[in-house]
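Reader: I'm new to this structure. Could you walk me through some of the words used for it?

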Amino acid sequence: MKFTMSWLKDHLDTKATVAEIAEALTDLGLEVEGIENPAEKLAPFTLARVLHAEKHPDADKLRVCTVLTDEGEKQIVCGAPNAREGITVVLCKPGDYVPGIDTTLGIGKIRGVESHGMMASERELELSDEHDGIIELPSGEVGQKFTDWLAQNDPAKVDPVIEIAITPNRPDALGVRGIARDLAARGLGTMKTKGFDPVEAAFDADLSVSIDDDTLDGCPVFCGRVIRGVTNGPSPAWLQDRLRAIGLRPISFLVDVTNYFTYDRNRPLHVFDADKVRGNLRVHRAKGGEEMVALDGKTYTFQPGMMVISDDTGPESIAGVMGGEPTGVTEDTVNVFVESAYWDPVQIALTGRALRINSDARYRFERGIDPTYTPEGLDRAVRMILDHAGGEASRVIQAGKVPNVTRSYRLDADRVQSLVGMDIPESTQRQTLTALGFKMEGDMAVVPSWRPDVMGEADLVEEVARIASLTKLKGKPMARMIPGVPKPVLTTGQVRATAARRTAAALGYNECVTYSFIDQQAASLFGGGDDATRLENPISADLSHMRPALLPGLLRAAARNQARGFMDMALFEVGHAFHGGEPGEQHLLVTGLLIGKTGPKDVQGTSRPVDLYDAKADAEAVLAAMGAPAKVQILRGAAGWWHPGRHGMICLGPKKVLGVFGELHPKILREMDIKGPVVAFTLWPEEIPLPKNRTATRPALIATDLQAVERDFAFVVDTGVEALTLVNAAAGADKALIADVRVFDQFIGGSLGEGKKSLAITVRLQPTEATLKDAEIEAVSAKIIDKVTKATGGVLRG
């Protein structure tokens, strides 16, 4: 929303500066986005008078002028054809920046003659494109500031333009008068009364207007007047200057009037050429398929239900959005029909979006204008047209009736303190609301019709606080509900997610934040892609389903990096995956991805391809940071996107899975276009058991002074037996006494025979109460041999 300072002063009697007004507007919630002040770039320039002018000795087109300035007489060389004795000019002195030529002047020589400045043309000062000669002023004193002279004689050229951002809840600020009302309530001036003499009806118009019954919800009232005998032509200079200042192109007076009221009073209007309207006007809903050429020259096809204004031949206007070209006014227009109607905001927004039309009328109607101003806005426009273009007006033609939007809410003065924390006297609150147009009837505040955003008592408090300025709000620390050290506010899940992020980053991973939506093909590779997780309205075909895991997003990110030459990477993400489409059907995951080699090439040759043990070590480190138990089991049986023989599930039992690590299945890598060795881990933080005693401190270190005992066992098993099965069996022989089981040797062939192998393990026994005796060690050894034999079918190697 743009407006000029002089335009604002039409409604507001104020002495505030542009800076003060800009600061107040931003504080009131109407954020200033920019200020264009032409006077700033013209500030250095002063008036001077040419005392003498003679031909340059070495140039036919140059003249050497003696100029009287506020610093005395100066010699200036000028090439303008109108440089002559006696004229008053605009002087640019050495050191002044001239915007039109982007130059800072200095004392120079032109064809051997010294020149102390220049006399400017309008283009050199960016006042217009005129550059045939220097500026000649009809009046002015030597030394007078050029900006002061313009303010007195041509104020439009130094009129500041202010642009503000309008939030959707403040349609009243889309008119200059609404902005002035806010500033007056703040105390930056007083509102001016803008009275007018309504135009008396001179005749009854032959034209009539009707609204279909099924359209009254979208257009409750439609007003208009016919004006005969107008003379359409260029608008007055002041009107053209204002429209140009805010970026609008003056077209003709009748068109410019509608634009003026749109910005001045937030009252969009439309003017039909009455001689081009066939029959009567009807406001109705389109059946679908009708076409109309609009004022922008484009042809639009209406969808069923859209509101249109038609005459007997068909649609002539897109209701509340844009008029039609066939009935538009031209310089030859003599008789017009001026329309002022109220349109439903939602229906106008739907029509504008469907037709992809952005117009000033649509912008205002879809935010909500003042419905009660519909007849008055028409009368003011008709008065302005008759005053400048002549003619006579008919009686008002009205269909429907002005909707009743009257509503009132109780003003509770104490709620300002409870809701905002500001101490504002009740009398001040009432004065503020009155200044904003509210009518106070006892404790009830009647909301003005131009404020559709005020819908409750809390909105009254907001208006009072806004005008009082929230910058005056003093911060106060919140009182503690419970004395002493406050309890932690983070949930267990939040603490674990934070710990996972910190640990993964410390391990050298880079965190990714990927979309929660993925394509169906990728989702189906990871157990998803069904209708339960399909989006009803996806933003694109590649984001059609909720992700069943974090791996698809990480793999897509890795593929993009590999396509740009980054082959080695470590990525992780902490986020939710979805196993259904209902609330709560989601689970938190921590996923890490390793691709390529462990590091760059070096002279020691330490760089190697990543393997599943790298993923296992990182997964265990992250689990430990989240508080998982140290003693876990490694089992097989993970989902199909993991390599069937090169993965492991970290479990607390057969049904309690904390995570999975290992290589990804080769078919997944082909589908996702990933090259090189790829290992990953996925953890379920919510599956980690809660500690028995919740405390912010670490538990005491439990150290034993009893000697640990290690025993080695070698078993001969079938070559198809997994080492993991043997290790788990041995560890389960005595969970309280056995601290660790490790494989340290594997032998295949030789005297073992075909289809056999030897696996050697070390079992560490850690007593907690007393030193182990030989008999106890032998008993545990016997249990280990028995467990392994039953689990694997192997025998102890002799």
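Author: Gladly! Let's begin with residue classes: Ala, Val, Leu, Ile, Met, Phe, Trp, Tyr, Cys and Pro count as nonpolar, Asp, Glu, Lys and Arg as charged, and the others as polar. By those classes, the lining of the second largest pocket has 22 nonpolar, 6 polar and 8 charged residues. Please keep in mind that this is a predicted model.

Reader: What makes a residue part of the lining of this pocket?

Author: A lining residue has an atom within 4 Å of a pocket point. For the second largest pocket, 36 residues line the space, and Lys616, Val632, Ile634, Val727 and Asn728 lie nearest its centre. Among the elements giving two or more residues to this lining are α17 (612–625) and α19 (723–731). The pocket holds about 1200 Å³ of space.

Reader: How do you know that α19 and α20 are in contact?

Author: Contact means heavy atoms within 4.5 Å. Thr725, Leu726, Ala729 and Ala730 in α19 meet Ile784, Lys787, Val788, Ala791 and Thr792 in α20. The axes of these two helices come within 8 Å and cross at roughly 145 degrees, and the crossing is right-handed.

Reader: Why is the pair of phenylalanine 222 and phenylalanine 337 called stacked?

Author: Planes under 30 degrees apart count as stacked. The planes of phenylalanine 222 and phenylalanine 337 are 10 degrees apart, so the pair is stacked.

Reader: Which parts does this pair tie together?

Author: Phenylalanine 222 is in strand β16 and phenylalanine 337 in strand β24, so the pair ties together parts 115 residues apart in sequence.

Terms used:
Residues numbered from 1 in each chain as written. Predicted model: local features only at pLDDT ≥ 70, side-chain atom pairs only at ≥ 80, totals over all residues. Heavy atoms only, no water. 1 Å grid on protein atoms, 1.4 Å probe; cavity = no way out; pocket = protein on both sides within 12 Å on 5 of 7 lines; lining within 4 Å. Points joined across faces, edges and corners; volume = space filled by probe spheres on them. Helix = DSSP H or I, 4+ residues; strand = E, 2+ residues; numbered from the N terminus. Axes fitted to C-alpha atoms, helices over the stretch in contact; angles between N-to-C directions. Left-handed = near helix turned anticlockwise from the far one by under 90°. Phe/Tyr/Trp six-rings, centres within 6.5 Å; stacked < 30°, edge-to-face > 60°.
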